[in-house]
Amino acid sequence: SSGASDSELLLKVKENLENNPGLSSWNTSNPPCTDGHANWHGILCYKGKVWGVKLENMGLKGIIDVESLKGLPYLRTLSFMNNDLEGEWPEIHHLIGLKSLYLSNNKFSGEIPYQTFQGLQWLKKIHLSNNQFTGEIPLSVASMPRLLELRLEGNQFTGPIPRFHRHRLRSFSVANNQLHGQIPPSLSKFPVSSFSGNERLCGTPLEACKAKTSIAGIIVAVVVVCVAVIVIGAVIFILHRRRQRDAACVENPPSDLRKGRARDIGSESRKSIRSLSSNHSRRGGEQMKLSFLKDDRERFDLQELLRASAEILGSGCFSSSYKASLLNGPTIVVKRFKQMSNVRKEEFEEHMRRIGRLSHPNLLPPVAYYYKKEEKLMVTDYVQNGSLAVRLHGHQSLGEPSLDWPTRLKIVKGIAKGLEYLYKDMPSLIAPHGNLKSSNVLLTESFEPLLTDYGLVPVINQELAQDIMVIYKSPEYLQQGRITKKTDVWCLGILILEILTGKFPANFLQQGKGSEVSLASWVHSVVPEEWTNAVFDQDIGATQNCEGEMGKLLKIALCCCEGDVDKRWDLKEAVEKIQDVKQRDHDQENFYTSYASEADMKSSS
Ligand SMILES: Nc1ncnc2c1ncn2[C@@H]1O[C@H](COP(=O)(O)OP(=O)(O)OP(=O)(O)O)[C@@H](O)[C@H]1O
């Protein structure tokens, strides 16, 4: 069944290759693979699946159609060695399962984007020799956990050789390029021939680097030190200012988690509710009407709400939430927004109506709202199992069992569906959610997730929004001061990492010394072999060989957290990938273990 679509994809690949008479066997009369046997030239099959495309020495021209290759889920090895392919670096980073890549002896040119290898955790062999690549050696190649072979000789690479930390390279060459600087000590065990032909490269195994101490050098050094001192001073000043500003509203684990869930009305909440009521009881009854958003709801007024027994659920930077049980009525939650003093009545109402019209099994819609210049409230139904944040981080103090893997996966899938719906129904918003985090995901009795606090970016006070909402913690905002349609995808990625690791993302932002420090960069720093022991939340409990699927979801999350927005998946792609993750499927389980190693054995033989 997958044969049909594999053929279609490969025929597209063929279409993009010129001078391809050698590919006459690529046609629709046979599928590319029948069991372990290949019907098409240059296709490597395993159990009926295409795991390799090996088109060498064929005089091929044209381009590699990565977009189509991306559709082959079992593709592990790609070779186009010894052809006449030209043009820019193919967008290999889409082929996340790739284990070996052979493009040597072609005419590829231009720079290789520095992050191109970042998500390619399984790559063991990269052969790019004898092309016309320019620019620096992409930095991401130096942090690939499994890399064994890297052949870059015979190009026009410039700049220094990146530092490889804890590498396992057994074959390495950068000979005959235009590299300069010192050879990193971790590579000095390779022979002279790995480095020769770069005039300005020095250090073992080549000649030692000369220390240049001319007067000009000293002057330059003094200037550099002065500039550094000024820059460091400025950075300390900015950080200090930022810390002062953040202190006003630090993102913390939800307050209900820190205190344990309040069962009774605390003094804080009593005071707040009383202030709420005194603010309003002065006014005529008519003004105290709640505006209901749906016709099918039983009405109640603010007075009734204020008389009900209430308990504070939690209080964040953005709102405080109270649970109230109406006499003979439903249990509801009143959310009191703190940072909306600038929004005008018509705007607020229009916006509430817009949000109120949305309806999806994974959204918690507002039931009613209340607008006064100095007070904005939103009423929703109370959701039985509380927030995901509490379930993930506070289950022990609540004496509740932790979430197992199937439940976590179900929650992730539900969140993705809710977000997809928001994107379809609020296309005019840049960030249709804007504040996606675990305390804004509530859980029903059957652990179906419900998103809340969505679509509020336009009505919140803009000067404070950047301290409060999750989109403004994204790399694109911190580095370039912008948010995009993909910013919610970054939030989704961080949320999935939180669900898989059990770690609270804000802790990383606070510890980090720069904008790049996040839960994602922490996960990136751990090699995949260690994921089971060091990354996945140990509270998930027995995983019954689901690590394969868990790893897959973790990689999806890392792709969502891609720092370069242009390369980050859009929401549609992220959702598709998430829905593809299977609940315990044996084929998938072995995907990266026995199957992949068998495939690799074949490729190395
Ligand atoms: N409808 C609801 N049903 C059950 N619990 C809720 C509901 N709405 C909110 N909560 C709980 O109330 C807590 C406080 O929510 P609230 O939205 O006021 O603040 P927050 O999400 O922690 O932070 P922020 O103010 O940044 O949104 C949440 O952690 C959640 O546990």
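In which sense, parallel or antiparallel, do E10 and strand E12 (residues 132–134) pair, and over how many bridges? They pair in the parallel sense, over three bridges.

## About the model

This is a predicted model, in which local features need pLDDT of at least 70 and side-chain atom pairs count only at pLDDT 80 or more, while totals for chains, interfaces and linings use all residues. Residues are numbered from 1 along each chain as its sequence is written.

Two strands count as paired if DSSP finds at least two bridges between them. The open sheet has three strands in the order E8-E10-E12, and the pairing is parallel. E8 and E12 stand at the edges with a single partner strand each, so one side of each has no neighbour in the sheet.

Strand E8 (residues 86–87) is joined to strand E10 (residues 107–111) by two bridges. Here Glu86 has Lys107 of E10 as its bridge partner. Turning to E12, Gly110 is bridged to Phe133, and Glu111 stands opposite Thr134.

## Two helices side by side

Helix H9 (residues 405–425) and helix H12 (residues 487–501) have axes that come within 11 Å and cross at roughly 170 degrees. Axes are lines fitted to C-alpha atoms, for helices over the stretch in contact, and angles run from 0 to 180 degrees between N-to-C directions. That crossing makes H9 roughly antiparallel to H12 (the word covers angles over 145 degrees).

From H9, the contact uses Arg408, Ile411, Val412, Ile415 and Leu419, and from H12 it uses Asp488, Leu492, Leu495, Ile496 and Ile499 (contact: C-beta atoms, placed from the backbone, within 7 Å). By class, this contact has eight nonpolar, no polar and two charged residues. Ala, Val, Leu, Ile, Met, Phe, Trp, Tyr, Cys and Pro count as nonpolar, Asp, Glu, Lys and Arg as charged, and the others, Gly among them, as polar.

## Around the ligand

There are 25 residues around the ligand, and Leu313, Gly314, Gly316, Phe318 and Ser387 come nearest (near: C-beta atom, placed from the backbone, within 6 Å). Strands E19 (309–315), E20 (319–325) and E21 (331–337) and helix H8 (388–393) each give two or more residues to this shell. The largest share, three residues, comes from E20. By class, the shell has 11 nonpolar, 11 polar and three charged residues.

Notes. Helix = DSSP H or I, 4+ residues; strand = E, 2+ residues; numbered from the N terminus. Parallel < 35°, antiparallel > 145°, perpendicular 65-115°, else oblique. Contact = placed C-beta atoms within 7 Å.
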